[in-house]
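Work through the two exercises below with the sequence and the 3D structure at hand. Each task is followed by a solution in steps.

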Amino acid sequence: MSPSQNALDDVIENEQSWRLSASQLAVLVNSGRLSAYSVARQALARLEAVNPAINAVVDYRSDDVLAQAKRIDERLAAGEEVGPLAGVPVTIKINTDQKGYANTNGLMLQKDLIADANNPVVQRLIDAGAILLGRTNTPAFSARLFTNNRLHGHTYNPRNKALTPGGSSGGAASALASGIGALAHGTDIAGSIRYPAFACGVHGLRPTLGRVANFNASGAERGIGPQLMSVAGPLARSVADLRLALGVMAQPDPRDVWYQPAPLHGTPKPKRAAVCLRPEGLETAPEIQHELHKAADALRASGWVVDEVEELPSLKEPASLQLSLWLADGFEQWAEVAEQEGDVAILKMIDKARGFVDRLPADALSSTLTKRATVIRQWKRLLAQYSLVLLPPAAELALPDQLDLTDPERMSRGLFPMMAIPVLGIPAMTLTTALTDDNTPVGIQLLGDSFREDILLEAGGVIEASATPVTIAQPEF
């Protein structure tokens, strides 16, 4: 929710620009009311005040941040157009190339893997005038829903230390929820943007594969299976900021062979949505079901037709196919590198996965791709009937931290609504809509057809307007 003019004046006067949205900051910097330098200085002060409690940002250089801001102010003073993110502090996930910084992917083995060029997403953010504030933590190999590793340590959920901040973009979500940066960059191969956003109480958008050009020359994600379904996307504290960030990120780059120059706004489609509370018998938490009902009511009030459906095309099957595609090719290489790294949680994950891999047939990769085409057709038929699908992100609210080490079965069984999406090749968004009495975020998931992020953002804005506003966490551990 945007502050009133008086509240905005107070934020500026009290040097708390870190409370503002990306959209507000860009307007204020472009208009000259705030300097990029002052925004950067206040963003660094916020980082230094709260990051010690949550360990979300694991690499930043104050001098570099202030130098970026100074260049933006100089360009504005010279009458140049800086871009739609002028002076907006943005964090970058540590598994992504940023020139001059180590692309560690949470690995001791890659602590000295210095990028000599920017990932396309990073370059687009710079070109749009953003200030790259710092680099956010991931689990080792960016491969868990819990964020800690031997190199950078443990990242905590700023709303409740007992809960996971999610993964693999757990540092991104934790930082953003705490007011460190107005936007966060993340990547998602099985929920790695959407689950951390859900867990930390912000919004996260996984764009369609091919929407955002994404390429790491350093090869930091080698050794963990095919990356075909991994995409880059934004996390934000408002839907308007998600839209702003997507417009910046969705630019071409010849290094990404999957990029598609699809328009950001498609042809109008009927405002017809389906809501499913318990897909395939999912034991959905009552709080999530309540928020799905509220979201459906908000859409109806704005002119949408919303049907409550008992079932959707399968999500369990594409979630299983996702696992097959991830593990059927390159598993032994991943296992070998993981042995060298020595991360206990990843080694446990590999031990558990080995039984699954050993049962895969010789033609696992080709047969999985054939089955994938079948489930995509089923979903395409549904999305021809409904422009939007509302469903749970997961069965439970944010899980206890490190649950995969103590109860992996509980950890995995309720996640298929999120894990299935990459196989389907469609965009998905998680929206935070409420907080429980113990400060646990509650949210929902929205799905749309390929390259129809515009529909998700339109509907998300309607739902957001009737929901509890996203707040900035004050970690006091």
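**Exercise 1: the whole chain**

The protein chain of this predicted model holds 18 helices and 13 strands.

Task: Determine how the radius of gyration of the protein chain stands against the globule rule.

Solution.
1. The radius of gyration is 21 Å.
2. For 477 residues the globule rule gives 23 Å.
3. The two values are close, so the chain is as compact as a globular protein of that length.
4. As for extent, the C-alpha trace spans about 60 × 55 × 45 Å along its principal axes.
5. Buried residues, those under 20% relative accessible area, make up 60% of the 477 residues.
6. Of the contacts with a separation of 6 or more, 77% are between residues 24 or more positions apart.

**Exercise 2: a pair of helices**

Task: Describe how helix α3 (residues 36–54) and helix α4 (residues 62–77) pack.

Solution.
1. Two packed helices are described by the angle between their axes and by the distance between those axes.
2. For α3 and α4 the angle is about 160°, and the axes lie 7 Å apart.
3. Angles over 145 degrees count as roughly antiparallel, so α3 is roughly antiparallel to α4.
4. The crossing of α3 and α4 is right-handed.
5. On the α3 side, the contact is made by A36, Y37, A40, R41, L44 and E48.
6. On the α4 side, S62, V65, L66, A69, K70, I72 and D73 take part.
7. Sorted by type, the residues of this contact are eight nonpolar, one polar and four charged.

Note on methods. Residues numbered from 1 in each chain as written. Predicted model: local features only at pLDDT ≥ 70, side-chain atom pairs only at ≥ 80, totals over all residues. Heavy atoms only, no water. Axes fitted to C-alpha atoms, helices over the stretch in contact; angles between N-to-C directions. Helix = DSSP H or I, 4+ residues; strand = E, 2+ residues; numbered from the N terminus. Parallel < 35°, antiparallel > 145°, perpendicular 65-115°, else oblique. Left-handed = near helix turned anticlockwise from the far one by under 90°. Contact = heavy atoms within 4.5 Å. Nonpolar A, V, L, I, M, F, W, Y, C, P; charged D, E, K, R; others polar. Rg over C-alpha atoms; globule rule 2.2 N^0.38 Å. Buried < 20%, exposed > 50% of the residue type's maximum accessible area, 1.4 Å probe, protein only.
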